[in-house]
Amino acid sequence: MTRRKQKLSRSKSRTAWLAWLAWGIFGSIFLFEDTEGGSGVFAWIFTAPFWLMFAAWPLLWVWLKTRRDPALVEIDDDIAAGDAAARLVQKDGVRYAEAEGLRKTFGVEVPRSKTVRLAGGDEDFVRIDDLRELSRDAEGLRRWLEVVDSVPSP
């Protein structure tokens, strides 16, 4: 089971912009305060990689936000509920569980008609909404679905 590439989430993007802004402020303070002491060349040499990333981040952010790869997903993670874990994938706002993982973990057989294949892989997935019908007989699956419902959408 190979993991799928994930889109740049909103929270990761915000964190990166915060780091960018912090470096812009504090890096400028360190760099320009140090030049008054006469060691400006060393300050530029030692901080050059950070300034390069400072300049590159807006371009990288634009590239990450505008790429249109149909195989990208928002979430691809193993969600644990107690001692049972199954794979959750979210693509275009719709959440899916891997059918094979559900069978192994919870013993739930998903009808072939309810499975779908997402672009970029050959695994069979079942929509979480379709899975709720099958969870009536499986207590572990119901607990897992409660945990899935508590996972925030990126």
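Student: Why does Trp 17 count as partly exposed?

Tutor: Keep in mind that this is a predicted model. The relative accessibility of Trp 17 is 27%. Buried means under 20% and exposed means over 50%, so Trp 17 is partly exposed.

Student: And what makes Trp 20 count as partly exposed?

Tutor: Its value is 25%. That lies between the cut-offs of 20% and 50%, so Trp 20 is partly exposed too.

Student: Where do Trp 17 and Trp 20 lie?

Tutor: Both sit in helix H1, which covers residues 10–35. They are three residues apart, about one turn of the helix.

Student: How many aromatic pairs does a search of the whole structure find?

Tutor: Nine. Trp 17 and Trp 20 have ring centres 5.1 Å apart and planes at 80°.

Student: Why is the pair of Trp 17 and Trp 20 called edge-to-face?

Tutor: Two checks. Centres must lie within 6.5 Å, and here the distance is 5.1 Å. Planes over 60 degrees apart count as edge-to-face, and this pair has 80°, so edge-to-face is the label.

Student: Which helix holds Trp 51 and Phe 54?

Tutor: Helix H2, residues 40–66.

Student: What makes Trp 51 and Phe 54 an edge-to-face pair?

Tutor: Their ring centres are 5.3 Å apart, with the planes at 80°. The distance is within 6.5 Å and the angle is over 60 degrees, so the pair is edge-to-face.

Student: Is Trp 51 buried or exposed, and how do you know?

Tutor: Trp 51 has a relative accessible area of 17%. That is under 20%, so Trp 51 is buried. Phe 54 has 22%, which is between 20% and 50%, so Phe 54 is partly exposed.

Student: Which residues form one aromatic cluster?

Tutor: Trp 17, Trp 20, Trp 23, Phe 50, Trp 51, Phe 54, Trp 57 and Trp 61.

Student: What sits over the ring of Trp 63?

Tutor: The charged end of Arg 67, 5.1 Å from the ring centre.

Student: Now the sheet. What order do its strands have?

Tutor: The open sheet has five strands in the order S1-S2-S3-S5-S4, with antiparallel pairing.

Student: What makes S1 and S4 edge strands?

Tutor: Strand S1 (75–81) and strand S4 (115–116) each pair on one side only.

Student: How many bridges join S2 to S3?

Tutor: Four bridges join strand S2 (residues 84–91) to strand S3 (residues 94–98). At least two bridges are needed for a pair, so S2 and S3 qualify. Gln 90 stands opposite Arg 95 in S3.

Student: Which strands does helix H3 touch?

Tutor: H3 (residues 99–106) packs on the sheet, touching S2, S3, S4 and strand S5 (125–127).

Student: Which residues of H3 are buried?

Tutor: Ala 99, Gly 101, Leu 102 and Phe 106.

Student: Last one: is Arg 127 buried or partly exposed?

Tutor: Arg 127, in strand S5, has a relative accessible area of 33%. That falls between 20% and 50%, so Arg 127 is partly exposed. Leaving aside neighbours within four places in sequence, Arg 127 is in contact with Val 94, Arg 95, Tyr 96 and Lys 114.

Key
Residues are numbered from 1 along each chain as its sequence is written. This is a predicted model: local features need pLDDT of at least 70, side-chain atom pairs count only at pLDDT 80 or more; totals for chains, interfaces and linings use all residues. Side-chain values use heavy atoms; hydrogens and water are left out. Rings of Phe, Tyr and Trp (its six-membered ring) pair if their centres lie within 6.5 Å; planes under 30 degrees apart count as stacked, over 60 as edge-to-face and the rest as tilted. Buried means under 20% relative accessible area, exposed over 50%, partly exposed in between (1.4 Å probe, protein chains only). A charge sits over a ring if NZ of Lys or CZ of Arg is within 6 Å of the ring centre and within 35 degrees of the ring normal. Contact means heavy atoms within 4.5 Å. Axes are lines fitted to C-alpha atoms, for helices over the stretch in contact, and angles run from 0 to 180 degrees between N-to-C directions.
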